Amino acid sequence: AQDLKEGLPEYFTRNFHFQTDGYLSEASARRYDHQVEILFTGAAGAMRRQILPILKNAANPQGHWLEVACGAGSATRAVLETFPKTKVTALDISGPYLKVAQEKLKKYPRVDFTQSNAAQLDFKDETFDVVYSVYLLHELPRKEREKVLHEAYRVLKPGGLLLIADSLQINDEPELNWALERFPKIYHEPFYKDYLNDNLEALLSKVSNQTA
């Protein structure tokens with residue numbers, strides 16, 4: 001696992017969710033979907049698929065889309081199944097997770113895979129019609145969160161769609177605040193507490209203005 005850590009940001013090389021090897025082994029990648037389905041009592045897939053109606057209503061279905069942090073490819077599969085004319089570039093920082101995603105999605109010709117840090121994308125400005133991520137922001141330290149959003153805006157075409165699916169935050173649903181505060185303690189989410197209190201609306205406004 002040490003070789004896999006070379007060149008990666010320090011925050012990413014730690015353990016997440018009590019997973020053996022964190023995000024740095026194929027064994028972890030192959031367990032991941034099963035683990036989160038248990039964690040969310042069978043609702044993890046449905047949670048990811050919440051992006052589909054928004055994409056259907058607001059996105060160019062024949063465009064080129066970028067998925068940031070595709071992981072083992074579960075949300076990617078849902079997008080490819082739903083939008084048969086869309087070209088998808090699926091990006092993740094973890095080589096082992098990308099390898100598993102490629103295996104799972106090898107029957108789909110309209111997707112390519114790239115290993116990259118979402119905070120330092122290699123793509124040119126205004127490349128993609130859609131940039132989307134599913135449950136990424138709460139996994140990032142605050143500074144990385146801002147960098148990732150800045151890069152997402154940078155590579156998005158004018159008039160394109162940026163779609164972020166993630167956890168509720170404090171006071172989105174006040175009656176659930178207790179559960180949100182308890183979650184990182186039980187499931188070892190190292191950056192979740194910071195995410196809960198981050199002002200995402202202000203952050204998105206800031207980075208969109210910077211890239212305008």
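Q: Which residue in β5 stands opposite valine 134?
A: Alanine 165 does. This is a predicted model: local features need pLDDT of at least 70, and side-chain atom pairs count only at pLDDT 80 or more, while totals for chains, interfaces and linings use all residues. Residues are numbered from 1 along each chain as its sequence is written, and side-chain values use heavy atoms, with hydrogens and water left out.

Q: How many bridges join β4 and β5, and in which sense do they pair?
A: Six bridges, in the parallel sense. Two strands pair here if DSSP finds at least two bridges between them. Strands are DSSP runs of E with at least two residues, helices are runs of H or I with at least four, and both are numbered from the N terminus.

Q: And what pairs with β4 besides that, say β1?
A: Strand β1 (residues 64-68) pairs with β4 over four bridges, in the parallel sense. Tryptophan 65 has valine 130 as its bridge partner in β4, and valine 68 has serine 133 there.

Q: What's the strand order of the whole sheet?
A: β3-β2-β1-β4-β5, an open sheet of five strands with parallel pairing. β3 (111-115) and β5 are the edge strands, each pairing on one side only. On average, neighbouring strands are turned by 20 degrees against each other, direction ignored. The axes behind that angle are lines fitted to C-alpha atoms (for helices, over the stretch in contact), and angles run from 0 to 180 degrees between N-to-C directions.

Q: β4, then: buried or exposed?
A: Mostly covered, as seven of its seven residues are buried. Buried means under 20% relative accessible area, exposed over 50%, and partly exposed in between, using a 1.4 Å probe and protein chains only. Valine 130, which sits in β4, is at 0% relative accessibility, so it counts as buried. Its C-alpha is separated by 4.7 Å from that of leucine 161, 31 residues apart along the chain.

Q: Why is β1 called largely enclosed?
A: Because four of the five residues of β1 are buried.

Q: What does β1 do on its β2 side?
A: β1 runs parallel to strand β2 (residues 87-92), and five bridges join them. Histidine 64 has lysine 87 as its bridge partner in β2. Right-handed means that, with the strands pointing away from the viewer, the path from the first strand over the helix to the second runs clockwise.

Q: Which elements make the β-α-β unit that includes β4?
A: β4, α7 and β5, and that unit is right-handed too.

Q: Switching topic: how many cavities of 30 Å³ or more are there?
A: One. About 40 Å³ of space lies in the largest cavity. On a 1 Å grid over the protein atoms alone, a cavity is a set of points where a 1.4 Å probe fits but cannot get out, whereas a pocket is an open set with protein on both sides within 12 Å along at least five of seven lines; lining residues have an atom within 4 Å of a point. Grid points are joined across faces, edges and corners, and the volume is the space filled by probe spheres set on the points.

Q: What lines that cavity?
A: Among them are Val68, Ser133, Leu137, Val148 and Ile164. β4, α7 and β5 each supply at least two residues of the lining. By class, the lining has ten nonpolar residues, one polar and no charged. Ala, Val, Leu, Ile, Met, Phe, Trp, Tyr, Cys and Pro count as nonpolar, Asp, Glu, Lys and Arg as charged, and the others, Gly among them, as polar.

Q: And the second largest pocket: how much space lies in there, and what's around it?
A: About 180 Å³. The lining includes Asp125, Glu126, Arg154, Lys157 and Ser208. α7 (142-155), β5 (156-165) and α10 (200-211) are the elements giving two or more residues, and β5 has the largest share with five. The lining divides into four nonpolar, four polar and four charged residues.

Q: What's the phi of glutamate 126?
A: Near 55 degrees, a positive value in a residue other than glycine. Most residues other than glycine have a negative phi. Glutamate 126 lies in the loop between β3 and β4 and is partly exposed, at a relative accessible area of 46%.

Q: And where does tyrosine 135 lie?
A: In the loop between β4 and α7. Tyrosine 135 also has a positive phi, near 55 degrees, and at 23% relative accessibility it counts as partly exposed.
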